[in-house]
Amino acid sequence: FEGALVCFTIAGIMAYHSIARKTYPGFHSWTIGFACSGAGAMLIALRGLLPDFLSIVLANVLIAAMPFLLAWGLTVFLDVRWRALRLHGALLAVLLGVMVWATYVVPNLCVRVLVFSVVYFAFFASALYVAVRRLPEKLGGQNWLLVVMISLALLTTGLRLALAASQGKE
């Protein structure tokens with residue numbers, strides 16, 4: 001629940017800046033990403049009160065949309081073609097399909113965690129690639145705060161993936 005509030009607060013502040021000030025291209029994608037993450041976290045917090053489709057399936061897709069929109073926003077900001085757009089769109093569709101399958105057809109929490117983590121990792125990896133390869137050209141130097149934060153997201157997602165994989169073998 002607290003994570004949802006944090007994401008909604010960040011999205012709200014970003015939305016205010018979008019309205020009150022001129023923002024960089026891509027900023028709206030980042031704002032929508034935080035709103036999606038907040039909505040997904042809120043749906044998960046309401047698990048048991050809401051149908052599984054909302055609290056599991058939609059919630060996970062919304063949360064996974066955040067790093068997708070981060071990477072997309074970076075490419076918009078940099079005015080570069082994102083070669084991975086179709087691939088990542090397909091990954092979101094696969095995530096949706098697996099979430100439905102592993103919730104309703106063959107209920108399996110481990111599969112849901114593994115697939116979510118792989119997709120989430122792929123999206124953050126793509127954002128990191130764009131940031132490391134393209135940002136210095138535009139900014140005249142690297143944005144190390146962004147690189148470190150995305151790297152930490154990758155690290156924690158990788159650890160979650162490893163933990164879920166090891167538990168799935170038991």
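Predicted model: local features only at pLDDT ≥ 70, side-chain atom pairs only at ≥ 80, totals over all residues.

Student: Is Tyr 120 buried or exposed?

Tutor: Residues are numbered from 1 along each chain as its sequence is written, and side-chain values use heavy atoms, leaving out hydrogens and water. Buried means under 20% relative accessible area, exposed over 50%, and partly exposed in between (1.4 Å probe, protein chains only). Tyr 120 has a relative accessible area of 17%, so Tyr 120 is buried.

Student: Where do Phe 116 and Tyr 120 lie?

Tutor: Helices here are DSSP runs (H or I, at least four residues), numbered from the N terminus. The two residues are four apart, about one turn of the helix, and both lie in helix α5 (residues 109–139).

Student: How many aromatic pairs are there?

Tutor: Rings of Phe, Tyr and Trp (its six-membered ring) pair if their centres lie within 6.5 Å; planes under 30 degrees apart are stacked, over 60 edge-to-face, and the rest tilted. Trp 72 and Trp 82 form a tilted pair, 6.1 Å centre to centre with 45° between the planes. By this rule the count is eight.

Student: Which residue lies over the face of Phe 77?

Tutor: Phe 77 is linked by ring pairs into a cluster with Tyr 24, Phe 27 and Trp 30. A charge sits over a ring if NZ of Lys or CZ of Arg is within 6 Å of the ring centre and within 35 degrees of the ring normal. At 5.3 Å from the ring centre, the residue over the face of Phe 77 is Lys 138.
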